[in-house]
Amino acid sequence: MKKILFFALVCAIALSGCNQPKPVKTIENLKAGIKGETTASAKYAAFAQKAREEGNDTIAKLFDAASKAEDIHAKNHTKVLEGLGEKMEAFTPEFEVKTTAENLQAAIEGESYEVATMYPQFLADAKEEKVEKATKSFTWAMDTEKKHAQFYKAALQAVNAMAENTMIAKMNFFILQIPFWVSRKK
Ligand SMILES: [Fe+2]
Ligand SMILES: [Fe+2]
């Protein structure tokens, strides 16, 4: 009797699963998230290389750490997507590498968009479609992006301050030369 009841329960669960509507918005959001996170991971690795070339190892390490975090986000989203019986299509990450100051600014803009717009919308859709694993994955990613945005803002301030200090040092050097030039003209 117990076996029959257990079998009936399994069938009921299986059938109720069949009646669940497909979470179409969350599936699309997971795919967009995987693309965004994978692109961010590749982009930050390239930004780290550029920072190293410019002699800024600290900022290179920050980009490297963020690159690894984005890769984890992409893998988490992929697991959720595959758990829903879907697969990610192949794509090529596209991004531009500029100076480290410009790269930091681009990174701040990307992270801010994810925190203020992208993940809040993904979370609202995942909650509406009741995809708990996607809700968790999106929340973990969004919480990390908030930190990334803060770190990048601090790093950009440091880079700008360094540039300003270099400029001030140069200005001071030229100012110190003024009496010499003046005296030579006499
Ligand atoms: Fe991320
Ligand atoms: Fe990030």
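Which residues line the second largest pocket? The legends below answer this and describe other close-up views of this predicted model.

**View 1. Lining of the second largest pocket.** Gly 36, Thr 39, Ala 40, Lys 43, Tyr 44, Gly 110, Glu 111, Tyr 113, Glu 114 and Met 118 form the lining. Helices α2 (24–53) and α4 (100–128) each contribute at least two of the lining residues. The volume of this pocket is about 170 Å³. Sorted by class, its lining has 4 nonpolar, 3 polar and 3 charged residues.

**View 2. Protein donors of the iron ion (ligand 2).** Glu 70 (OE), Glu 111 (OE), Glu 111 (OE), Glu 145 (OE) and His 148 (ND1) are the protein donors, at 1.9 to 2.4 Å from the ion. Glu 111 also belongs to the lining shown in View 1. Along the chain, the donors have the spacing E-x40-E-x33-E-x2-H.

**View 3. Glu 70 between two iron ions.** Glu 70 bridges the iron ion (ligand 2) and the iron ion (ligand 1). The two ions lie 3.8 Å apart.

**View 4. Glu 145 and His 148 in helix α5.** About one helical turn separates Glu 145 from His 148, because they are 3 residues apart in α5 (residues 132–185). Both residues are buried, and both are donors of the iron ion (ligand 2).

**View 5. The largest pocket.** This pocket has a volume of about 200 Å³. Its lining consists of Gln 20, Pro 21, Lys 22, Pro 23, Leu 84, Glu 129, Lys 130, Val 131, Glu 132 and Lys 133. By class, these are 4 nonpolar, 1 polar and 5 charged residues.

Technical notes: Residues are numbered from 1 along each chain as its sequence is written. Chains are lettered from A and ligands numbered from 1 in the order in which they are written. This is a predicted model: local features need pLDDT of at least 70, side-chain atom pairs count only at pLDDT 80 or more; totals for chains, interfaces and linings use all residues. Side-chain values use heavy atoms; hydrogens and water are left out. On a 1 Å grid over the protein atoms alone, a cavity is a set of points where a 1.4 Å probe fits but cannot get out, and a pocket is an open set with protein on both sides within 12 Å along at least five of seven lines; lining residues have an atom within 4 Å of a point. Grid points are joined across faces, edges and corners, and a volume is the space filled by probe spheres set on the points. Ala, Val, Leu, Ile, Met, Phe, Trp, Tyr, Cys and Pro count as nonpolar, Asp, Glu, Lys and Arg as charged, and the others, Gly among them, as polar. Helices (H or I, at least four residues) and strands (E, at least two) are DSSP runs, numbered from the N terminus. Donors are N, O and S atoms within 2.8 Å of the metal (3.2 Å for Na, K and Ca); water is not among the atoms, so sites may look incomplete. Buried means under 20% relative accessible area, exposed over 50%, partly exposed in between (1.4 Å probe, protein chains only).
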